[in-house]
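Please read these notes with the model open beside you. Each point covers one topic.

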Amino acid sequence: PPAHARRPLGRRLSTGLAAFDTLLPIARGQRIGIFAGSGVGKSSLLADLARGVEADRVVLVLIGERGREVGEFIHNTLGPEAMARTVAVVATSDESPLIKRRAAWMGMAVAEAFRDAGHHVLLLVDSLTRFAEAHREVALTAGEPPSLRAYPPSTAALIAGLAERAGPGAGDQGDITAVFTVLVAGSDMEEPVADITRGILDGHVILDRSIAERGRFPAIDLRRSVSRSLPGIATDEENALIAAARGHVAVYEEALPMIQTGLYVAGSDPRIDRAIAVYPALDALAAAKSASVADSFAMLRAALAPAGSD
């Protein structure tokens, strides 16, 4: 629909994941990106969202995936309950770049058809990077000049054109809430596809390899991840809790080298003392499942309790 006719973002969606129900909320019609390297738990997080996010229909687009993993992801990771409301569009890694590009467009067209019928659609695209790589191969073959990292200049318009088709509808239409994954080689958030996508979407969730290596999944870097639906979809009390939690995480991570080397002495800085007291509970919250948004905020209040009113 035309930009001037679209509704603003809708209400907060329950996701079944405490981190997304509190610190990184997803609103109806929002478009977020999940930025991760390979083997950091991106597919598992997508499956959790497919099972947990409130939606009438789910459209799953898999681009450039290994053929062996497609059936396993659909039948085992997602399971029959999630697949009952899901349409899957797949272009495996051995398909031509033309097919890979068209898979993304076809998945979006399916989501738009459900939206036009009044449904709320959850669109999951894995991954936007392989979509851009397929376009790069086609565009360079057609004679378009290469730019940064050989991506053609049309890449930004291609990604924007796809992402802008998702979002809130107009009039009697439903909404498309979209989650796009971006593969970041070597955790380089400044590479072209990641940089372009971050500026287009309504939030970004960064999965960190060091967090995954210590066994916490989903490996969300709470400090670097942002949801642009805040502060609008949260109450003043909820925003205060979110700000306090983010502040404690930032203070703890800044002081972590001193803590690990034994250079920090308890009592030297009240802010660091409070951060040390609450950080284990906040870290556990990032991996916790939840029954509802209210339940998630109850967990957040309990995690912040050792820090007192500050």
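How many cavities of 30 Å³ or more does the structure hold? The answer is one.

1. **Ground rules.** This is a predicted model, where local features need pLDDT of at least 70, side-chain atom pairs count only at pLDDT 80 or more, and totals for chains, interfaces and linings use all residues. Residues are numbered from 1 along each chain as its sequence is written, and side-chain values use heavy atoms, with hydrogens and water left out.

2. **The cavity.** A cavity is a set of points, on a 1 Å grid over the protein atoms alone, where a 1.4 Å probe fits but cannot get out. Grid points are joined across faces, edges and corners, and a volume is the space filled by probe spheres set on the points. The largest cavity has a volume of about 50 Å³. Its lining residues (those with an atom within 4 Å of a point) are Val184, Ser187, Met189, Ile206, Leu207, Asp208, Arg209 and Arg224. By class, four are nonpolar, one is polar and three are charged. Here Ala, Val, Leu, Ile, Met, Phe, Trp, Tyr, Cys and Pro count as nonpolar, Asp, Glu, Lys and Arg as charged, and the others, Gly among them, as polar.

3. **The whole chain.** The secondary structure comes to eleven helices and seven strands. These are DSSP runs, numbered from the N terminus: helices are H or I with at least four residues, strands E with at least two. The radius of gyration is 20 Å, close to the 19 Å that the globule rule gives for 310 residues, so the chain is as compact as a globular protein of that length. That radius is taken over C-alpha atoms, and the rule is 2.2 Å times the number of residues to the power 0.38. Along its principal axes the C-alpha trace spans about 65 × 45 × 40 Å. Of the 310 residues, 52% count as buried. Buried means under 20% relative accessible area, exposed over 50%, and partly exposed in between (1.4 Å probe, protein chains only).

4. **The largest pocket.** A pocket is an open set of grid points with protein on both sides within 12 Å along at least five of seven lines. The largest one holds about 410 Å³ of space. It is lined by 20 residues, and Lys42, Ser43, Glu65, Arg66 and Glu69 lie nearest its centre. Helix H2 (42-52), strand S2 (57-65) and helix H3 (67-83) each give two or more residues to this lining. H3 gives the most, with six. The lining has five nonpolar, seven polar and eight charged residues.

5. **The second largest pocket.** Its volume is about 240 Å³. Of the 13 lining residues, Ile211, Arg214, Glu253, Leu256 and Tyr279 are the closest to its centre. Helix H8 (209-213), H9 and H10 each give two or more residues to the lining. The largest share, four residues, comes from H9. Seven lining residues are nonpolar, one is polar and five are charged.

6. **Aromatic pairs.** Rings of Phe, Tyr and Trp (its six-membered ring) pair if their centres lie within 6.5 Å; planes under 30 degrees apart count as stacked, over 60 as edge-to-face and the rest as tilted. The count comes to two pairs. Trp105 and Phe131 are edge-to-face, 6.2 Å centre to centre with 85 degrees between the planes. Trp105 is partly exposed at 27%, whereas Phe131 is buried at 0%. Tyr252 and Tyr279 are stacked, 3.9 Å centre to centre with 10 degrees between the planes. Tyr252 is in helix H9 (residues 236-261) and Tyr279 in helix H10 (residues 270-285), 27 residues apart. Tyr252 is buried at 16%, and Tyr279 is buried at 13%.

7. **Backbone details.** Where are the cis peptide bonds listed here? One runs from Phe217 to Pro218, with omega near -5 degrees. Pro218 is in the loop between H8 and strand S7 (226-227). Another joins Leu230 and Pro231, with omega about 0 degrees. Pro231 is in the loop between S7 and H9. Phi is positive at Arg149, near 55 degrees, and at Ala150, near 70 degrees. Ala150 lies in the loop between H5 and H6 and is partly exposed at 30%.
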